[in-house]
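Here is a short report on one chain. Look over the sequence and the model first, then read on.

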Amino acid sequence: SLTASNEMFYNSLIMPIVGALGYVIFRWRSVYLVPLLLFVMQCLINFLGLARGMEYMPFVAILMWVGIYTIFVELGVLVAGLLHFAFKKDK
């Protein structure tokens, strides 16, 4: 997890790629599915850290980080969707 660490700005590169891959897998449903998956994974990582006795984030912080990541994910989905639309072949 790169959240709240020294390398957290790598997420500005990783999340648009995650959004583009989400578009490849889910098409336009990735607009809401990928942020939902991000939220579930962030909660799971937080729970596992809590179970191991490591530092954990409060629920409000998880919502904040997922909200920030969602902006970058949606940019990736938008770019992938527009590229798909621009390069599709007409019948």
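## Fold

Helices here are DSSP runs of type H or I with at least four residues, and strands are E runs of at least two. On that basis the chain has 3 helices and 0 strands. Read along the sequence, the pattern is α-α-α. The model is predicted.

## Dimensions and contacts

The C-alpha trace spans about 60 × 25 × 20 Å along its principal axes. The chain holds 91 residues, and 27% of them are buried.

## Surface and charge

The chain carries 6 positive and 4 negative charges. Their mean positions lie 17 Å apart.

## A nonpolar patch

Which residues make the nonpolar surface patch? They are Met41, Leu44, Ile45, Phe47, Leu48, Leu50 and Tyr56. The patch covers about 690 Å².

Leu44 is one of these patch residues. Helix H2 runs over residues 30-51 and contains Leu44. Is Leu44 buried, partly exposed or exposed? Its relative accessibility is 40%, so Leu44 counts as partly exposed. The cut-offs behind this are under 20% for buried and over 50% for exposed, with partly exposed in between.

Terms used:
Residues are numbered from 1 along each chain as its sequence is written. This is a predicted model: local features need pLDDT of at least 70, side-chain atom pairs count only at pLDDT 80 or more; totals for chains, interfaces and linings use all residues. Side-chain values use heavy atoms; hydrogens and water are left out. Buried means under 20% relative accessible area, exposed over 50%, partly exposed in between (1.4 Å probe, protein chains only). Lys and Arg count as positive and Asp and Glu as negative; His and the chain ends are not counted. The place of a charge is taken as NZ of Lys, CZ of Arg, CG of Asp or CD of Glu. Patches are made of residues with over 30% relative accessible area and no salt bridge: like charges are joined within 9 Å, nonpolar side chains (Val, Leu, Ile, Met, Phe, Trp, Tyr) within 5 Å. Accessible areas come from the Shrake-Rupley method with a 1.4 Å probe; for residues, only the protein chains shown count as cover. A salt bridge is a side-chain nitrogen of Lys or Arg within 4 Å of a carboxyl oxygen of Asp or Glu.
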